[in-house]
Amino acid sequence: MKESTGKLLHGGDYNPEQWLDHPKILEKDTERFKEAGINTVSLGIFSWAFLEPEEGVYRFDWMEKIINHLYENGISVILATPSGARPRWLAEKYPEVLRVNSRRERELFGRRHNHCLTSPVYREKVYQIDYQLSRRFGRHPAVRMWHISNEYGGECHCPLCQEAFRGWIRKRYQTTERLNSRWCTAFWSHVYTDFSQVESPSPLGEDSIQALDLDWKRFVTEQTVDFMRQEICAVRDGGSDLPVTTNLMYDFEGLDYARMAPELDVISWDNYPTWHKADDWTIALDACMQHDLMRSLKRQPFLLIESCPGATNWQSVSHLPAPGIHKAAGLMAVAHGSDSVMYFQLRQSRGSEEKFHGAVIDHYGGNDTRMFREVCDTGETLEKLGELAGTETRARAAVVYDTENKWAIKGSKGPRNKNMYYKETVFKSYRALREQGVDVDVINETQDLTPYRFVAAPMVYLFREGFERKLREYVEQGGTLFATYWSGVVDENDRCYLGGTPHGLMDVFGLRAEEIDGLYDGETNGIVPADGTTSGAAGGRYSCAHLCELVKPTTAETLMVYENHFYGGMPALLKNRYGKGTVYYLCADAEQRLYDSFYPEILREAGVRPLLEDMRIPKGLSVTSRENETYRYLILQNFSGEEQNVLCPAGEKILGGEGNRISPLETWVFRQKK
Ligand code: GLA
Ligand code: ZN
C-alpha cells in the first residue's frame, strides 16, 4: 500500500489561452483560486493553436508565465497534451488528419476529438508538440502529472484506418479459413477469399456480421491505446517521468477502458450527473457505480478530474444543483476512492459552445456567487480530509459489468431488439449491495475474482476467453456467485456455443438454459414461491419483465417459480452448491425488490459483513470505506432528503457535527484504528 500523499486535489480545467488579452483577469483568477482552496489546475488541454501557431513554431512563453505564476501561489499543474483539438493549419495542410465517418465521408475542420488516430502525419505532429512540452515543462516543479489528450473516443473509417484494420485482422486470424470460421461467414455467403476484402462495418455495406463489428470495436480500442501509448512515449522521450492519466467518460462504450487502464498510472474521469432528474439517491447511486468502476480498473485511488460547478449546459436541460449538492457530490467521489474533486471549468468561457456551462468563476467574476461559496466550502472540507488521500477501498463484493459483453448484447439480433436492459440489470445488483452498506467493486471479465466473497455476474452473454474457468474456480473455492439468464451464450466471436449453455458451467450451475422468452413492452410475469415455501425472501412475490428464460435443473434446487404463461410453475430462481461454493441463478429480469429481499440473506451466507453492522441502514444513506495500514475510514452520506438517525460507529468523527442525526446532504467521516 502506498504512502498517503496527505492532500486531496481540488481544482479543474483552466483555459487561460482564452484570456491572454486580459492579464488583469488572469491575475485575479489566481487570487480567487487561493480563496477557494484550489491547489491544482489542468492546463493546456485545448491550447494547441497558441502553443504552435504555425507548423514547427513553438510559443511556450505565455504558458511558462502562467505556470510560474501558479507555482508562486502554491498551485500545482496537471499539464495536458493538446491532441484533443488540432489547429486549423494542420487540417488545411494535411487533410488526412480529418476523420472519415462510416458512410465514408471525410469531415471538414471543426469541433474536436475528431482526428484520424492512424494518420502518420497526425501522430508525428502530436508526438512533436508533446515532446516539446515535456522538454520545456516536464521538470517544472509546479507540474505534477500529465493529462494525456482529452476524452479519447470515436472512430475513423479512412483508407489508412482500413489498411491498419486489415493488418490487425490478418495478424489475429492468420488465414482466411480461420477468419471465415470464426466470423461464421458461410451465413449469406459472405465468405472472404482475401484479407484485402475486409472493410470496417458500414451502413452502406457490411453490417450483418456481428463478429466483424466486435473486432472493429476491439481494433478501435487498440488503435486508440496505441495512439495514447505514443503520446506517453513522447512525454517520456522529452525527459519527464511524471505519472500519466487520461480523462475517461461516464458509462462510455466506444472504447474498452479495461484495455486502456494498464497503460495509465492513474485513472481519472469526468462525471456530470443529472441531479434532480430522478430522486437524488438514485442519481447518486448511478454516479457511484461509475466511481466504483473507475476505482476497480486498477483497484487503486482515482481522480475525479472534471465535474460541474453549477448547471451542465450540454445536457438536454441545464438544471441547477440545489444548495449542498455540489459538495456532497464531490465528497461522494472521495467516499468511493477519489483523491480529488476537480471541475470543468475554473473560468467560464465568454463565447462558443460552453459559455453557459457552470464554472467556479462565472462571467460576473465575483466571489459572492452561490457556486463560488459552495466551491470554497468544498475546498475547506477537502483540506480537513487530506489524510484520506492514497487510502484504498477493499471491497469483498463485486459486480461484473463488461464492455465487450455490452457490445455483443447490443449488437445481436434477438431476443429483444428494443432494449436488453443490461446496464439496468447490473445496476439492480449494485443498488441492492450498496443499500446493505457494503463496498462494491465494479469489474470486467478479465479481472481477478479471488478478492471477493460475493460476485454478481448478470447477463454475461459473451464469455471472454477462459471466463467460464474463472467462474468455476471461484465457486469451487468457496465463492458465492449470483448469475442470471442470458449467460455463457457466445464466445469472443459472438459464435453460439454448441452443446448447451451456460457454456462450460452447466454442472456448476446445476441447470441448462433451454429457451428464452422476449416479453413485449408492458408485459409482465410473476415470480412466486416454489411449493411449500412461505417464509424469507423466497416466500414473496415479485414481478418480472423483458426477458424470461426457461431452464432445466439438474442438481439445482428451485427456490421460486414463474407464476403465469405456459411456463407457470417452472423454475425462476435456483440455488446450486458446487465445490465449496454456491450459485444463485435468476431466470428473468426481476424487479428491484427481489434483489433487495434476497441479497441480505445471500450476503450473510457468503460472509460479507455490512460496514454498519448494528443498524438497519435507512434508504438513501450511503456507507463506504477507505483504509490504509493503520486506519479505516467510514464515510456516511445522507442522500435520503431527510434527516436520519444513525447509531454512530466506533472511532473518531473527523468530519460532521455532534450527535446522532445526519442532515440531508451531510457527510460524516469516522476514523477507526485498525
Ligand atoms: C467534457 C470535456 C470538457 C468539457 C466538458 C463539459 O468532459 O472533457 O472539455 O467540454 O465535457 O461538460
Ligand atoms: Zn483514419
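M459 sits in the loop between β12 and α15 (467-476). Helices (H or I, at least four residues) and strands (E, at least two) are DSSP runs, numbered from the N terminus. M459 is buried, at 0% relative accessibility. Buried means under 20% relative accessible area, exposed over 50%, and partly exposed in between (1.4 Å probe, protein chains only). M459 also has a positive phi of about 50°, although it is not a glycine.

The model is predicted: local features need pLDDT of at least 70, side-chain atom pairs count only at pLDDT 80 or more, and totals for chains, interfaces and linings use all residues. Residues are numbered from 1 along each chain as its sequence is written, chains are lettered from A and ligands numbered from 1 in the order in which they are written, and side-chain values use heavy atoms, with hydrogens and water left out.

**Around Y485**

M459 is one of the residues that Y485 touches. Contact means heavy atoms within 4.5 Å. Other contacts of Y485 include T425, I516, L547, E549 and Y585, not counting residues up to four places away in sequence. Y485 lies in the loop between β13 (480-484) and α16 (506-509). Y485 is buried, with a relative accessible area of 0%.

**Backbone exceptions**

Most residues other than glycine have a negative phi, and most peptide bonds are trans. Y421 has a positive phi, near 60°, and is not a glycine. Y421 belongs to the loop between α13 (403-411) and α14 (422-435). With a relative accessible area of 21%, Y421 is partly exposed.

| Residues joined | Omega | Location |
|---|---|---|
| F344 and Q345 | about 15° | Q345: loop between β9 (340-343) and α12 |
| T501 and P502 | about -5° | P502: loop between β13 and α16 |

**The zinc site**

The zinc ion (ligand 2) has four protein donors: C116 (SG), C156 (SG), C158 (SG) and C161 (SG). They lie 2.3 Å from the ion. Donors are N, O and S atoms within 2.8 Å of the metal (3.2 Å for Na, K and Ca); water is not among the atoms, so sites may look incomplete. The angles among the four donor atoms are 101 to 117°, and the site is tetrahedral. Four donors count as tetrahedral if all angles lie between 85 and 135 degrees.

In sequence, the spacing of the donor residues is C-x39-C-x1-C-x2-C. C116 and C161 link distant parts of the chain, 45 residues apart. C116 is in the loop between α4 (88-93) and α5 (120-137), and C161 is in helix α6 (residues 159-173). C116 is buried at 0% relative accessible area. C161 is buried too, at 3%.

**Helix α1**

Helix α1 covers residues 23-35, which is 13 residues. From first C-alpha to last it reaches 19 Å, close to the 18 Å expected at 1.5 Å a residue. The expected span is 1.5 Å times one less than the number of residues. Which residues of α1 are buried? They are L26, D29, T30, R32 and F33. Seen down the axis of α1, these buried residues fall within an arc of 165°, so they line one face of the helix. The arc is that of the directions from the helix axis to the C-beta atoms. The buried residues of α1 pack against β1 (9-14), β2 (40-43), α3 (61-72) and α12 (370-384). After α1 comes G37, with a positive phi near 70°.

**Strands**

Strands of a sheet pair through backbone hydrogen bonds, either parallel or antiparallel. Two strands pair if DSSP finds at least two bridges between them.

Strand β10 (residues 397-400) is covered on both faces. A397 and V399 are buried on one side, A398 and V400 on the other. Four bridges join β10 in parallel to β11 (residues 440-443), where D441 is the partner of A398. Three bridges join β10 in parallel to β12 (residues 454-457), where F454 stands opposite A397.

An open sheet of three strands has the order β6-β7-β8, with parallel pairing. Its edge strands, β6 (247-248) and β8 (303-306), each pair on one side only. Three bridges join β7 (residues 268-270) to β8, and S268 stands opposite L303.

Strands β15 (residues 524-529) and β17 (residues 557-562) pair antiparallel over three bridges. There, I527 has Y562 as its bridge partner. β17 also runs antiparallel to β18 (residues 571-578), joined by four bridges. V561 is partnered by P571 in β18.

How values were computed: Four donors count as tetrahedral if all angles lie between 85 and 135 degrees; four count as square planar and six as octahedral if opposite donors are over 155 degrees apart and all others between 65 and 115; anything else is irregular.
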